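Subject: Structure for your review

Dear colleague,

Please find the structure below, as discussed. My notes on it follow directly after.

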Amino acid sequence: MALKDLCYRCPGCGHDPMNGEGDRAWCRSCGTRIRRRGDQLFSTSAGGRRRRVTASALSREIERRGGPISPQTFRADGTLEYSARTMVSWRISEEPVWHRGVLRGFSETMSPEVPGRVTANREALTVQDGRRRGGRWGYLELRALQSSSSALQISLPGNRLVQFRFTTDSPKRWEDLLRSLVRETYHRAGRGDVVEFQPAIVTRSCGSRA
Amino acid sequence: MNWYSVFRWVVRGVVGILVRLEVTGRENIPERGPFLLIANHQGTLDPLLVQGSCHRTVHTFTKSTQFSSGPVFRWLLPRINAIPARRYRVDPQVVRIALRLLKRGEAVGIYPEGERSWDGTLQPFRRGTVRLILKAGVPVVPCGIAGSFRAWPRWSRRPTRARVSVRFGEPIHFGVHDRRHEREEALEATTARIARVLVALSQESRPADRTGA
């Protein structure tokens, strides 16, 4: 992962996306540059003014500018649709973990990754991969979602788990985007406010698993 | 000498190279008997920092996919007392295992946020973790980590040498909540109390205004 996974759009002007590599990120629109140097983060404006910043302040600024919802997430006709290339894998098995004759729990094994594409619009999440194991799910059908290391994992109906490892996009952006769309869908359906996304999507109104 | 002890010595060496570590409050860790060690999760080094700093053996919840991420992890994780937790379903098995270990007088470590923070701030807790705390009724030892986000944030590929503090707080006793409705009633207050303590512990001795929150 890289700093641009945290700063997926510019905290200075809101431009989407940020460019970057490793511990550096920069905005092609306003010229803001952000860099991790030692144990500190610095933001340098186009005019050359450098100041120390915190990661949480950058996150707040991105959120204030719309978070994952930006002009990039809309098609020309004004409907929300966002898509990214990704490496897709699916949970294929669960194995018991034994140690000294005692069951420690169950490990989950993911399938080898294949290139694919994930698309989100206001209605549903669509997953396409080379093995044709993908599908389309409305947000009320998703059971749980959470970023894990550099990937995003989504629990689907039928005890299925899919994992996306983004090769060109930020897992945080996708986590923020899907959480926002799930919240919006639950709210629209009168199902209450989502208070938890893992291990299951839980809403406040009923206090039970959604 | 068991694998856990070997692991702890190796970890202490590695941590000593990677960060300038300050550990306080070790006297708050019970010398014997069960307890739950609850820590905030700021950065990549946290499991090493916590297990390397705690003189008691701790069984730690670990994401279940980690166990199948290669032969090294498959061999190592059970030997250092990792408990595989399936994070995308309600996993009663992992609760049973944790309660069984606590009943045997052992220590169990959990990161109630469930995942490393993106920006160093404390994330919402998993409600299942808080329910486990209330059901177990054992002392809860809060552990506040400060500086590990600066040392190695989630989004960076490399660590940098930073000052990190691990602070163990006084054990908190929430009592046993056997009935489900008792746990549900106490859920919000317990969550808020643990969050307050972790924030306080992880803010003490934190160098201000840096990469972290």
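In chain B, residues 24 or more positions apart account for 76% of the contacts with a separation of 6 or more. For chain A, 39% of the contacts between residues at least 6 apart in sequence join residues at least 24 apart. Please note that this is a predicted model. The predictor assigns the complex an ipTM of 0.89 and a pTM of 0.91. Chain B has an average pLDDT of 92, and 95% of the residues score at least 70. Among the elements of chain B, the highest mean pLDDT, 98, belongs to strand 2 (residues 35–39) of chain B, and the lowest, 92, to helix 3 (residues 71–79) of chain B.

Overall form of the chains

Chain B contains seven helices and seven strands, arranged from the N terminus as α-β-β-α-β-α-β-α-β-α-β-α-β-α. Its C-alpha trace spans about 45 × 40 × 35 Å along the principal axes. The radius of gyration of chain B is 16 Å, which agrees with the value near 17 Å that a compact globule of 213 residues would have. Of the 213 residues in chain B, 52% are buried.

Chain A, by its secondary structure, has three helices and 15 strands. The C-alpha atoms of chain A fill a box of roughly 60 × 50 × 40 Å along the principal axes. Buried residues make up 39% of the 210 residues in chain A.

Strand 7 (residues 163–168) of chain B is mostly covered, with five of its six residues buried. On strand 7 of chain B, two pairings were found. Strand 1 (residues 20–24) of chain B runs parallel to strand 7 of chain B and is joined to it by five bridges. Strand 6 (residues 140–146) of chain B pairs with strand 7 of chain B in the antiparallel sense, over four bridges. Ser165(B) takes part in both pairings: it is the bridge partner of Glu22(B) and also of Ala146(B).

Helix 2 (residues 46–53) of chain B has seven of its eight residues buried, so it is largely enclosed by the rest of the structure. The buried residues of helix 2 of chain B are Asp46(B), Leu48(B), Leu49(B), Val50(B), Gln51(B), Gly52(B) and Ser53(B).

Nonpolar cores

In soluble globular proteins, nonpolar side chains tend to be buried together. The largest nonpolar core here has 54 residues, and those with the most contacts inside it are Leu36(B), Leu37(B), Leu49(B) and Cys143(B). Not counting residues up to four places away in sequence, Leu36(B) touches Val108(B), Ile110(B), Ile133(B), Ala136(B), Val138(B) and Val140(B). Another core, of 26 residues, lies apart from the largest one and includes Tyr82(A), Val88(A), Ala144(A) and Val162(A).

Contact between the chains

The contact takes 38 residues from chain A and 41 residues from chain B. On the side of chain A that touches chain B, at least two residues each come from helix 1 (3–6), strand 4 (40–44), helix 2 (55–64), strand 6 (81–99), strand 7 (102–110), strand 11 (144–148) and strand 12 (151–156) of chain A. Strand 7 of chain A gives the most, with seven residues. By class, this side of chain A has 13 nonpolar, 16 polar and nine charged residues.

With kind regards

Notes
Residues are numbered from 1 along each chain as its sequence is written. Chains are lettered from A and ligands numbered from 1 in the order in which they are written. This is a predicted model: local features need pLDDT of at least 70, side-chain atom pairs count only at pLDDT 80 or more; totals for chains, interfaces and linings use all residues. Two residues are in contact if their C-beta atoms, placed from the backbone, lie within 7 Å. Ala, Val, Leu, Ile, Met, Phe, Trp, Tyr, Cys and Pro count as nonpolar, Asp, Glu, Lys and Arg as charged, and the others, Gly among them, as polar. A residue is buried if 20 or more other C-beta atoms lie within 10 Å of its own, exposed if 12 or fewer, and partly exposed in between; C-beta atoms are placed from the backbone. Two strands pair if DSSP finds at least two bridges between them. pLDDT is the predictor's confidence in each residue, from 0 to 100. A nonpolar core is a set of buried Ala, Val, Leu, Ile, Met, Phe, Trp, Tyr and Cys residues joined through C-beta atoms within 7 Å. The radius of gyration is taken over C-alpha atoms; the globule rule is 2.2 Å times the number of residues to the power 0.38.
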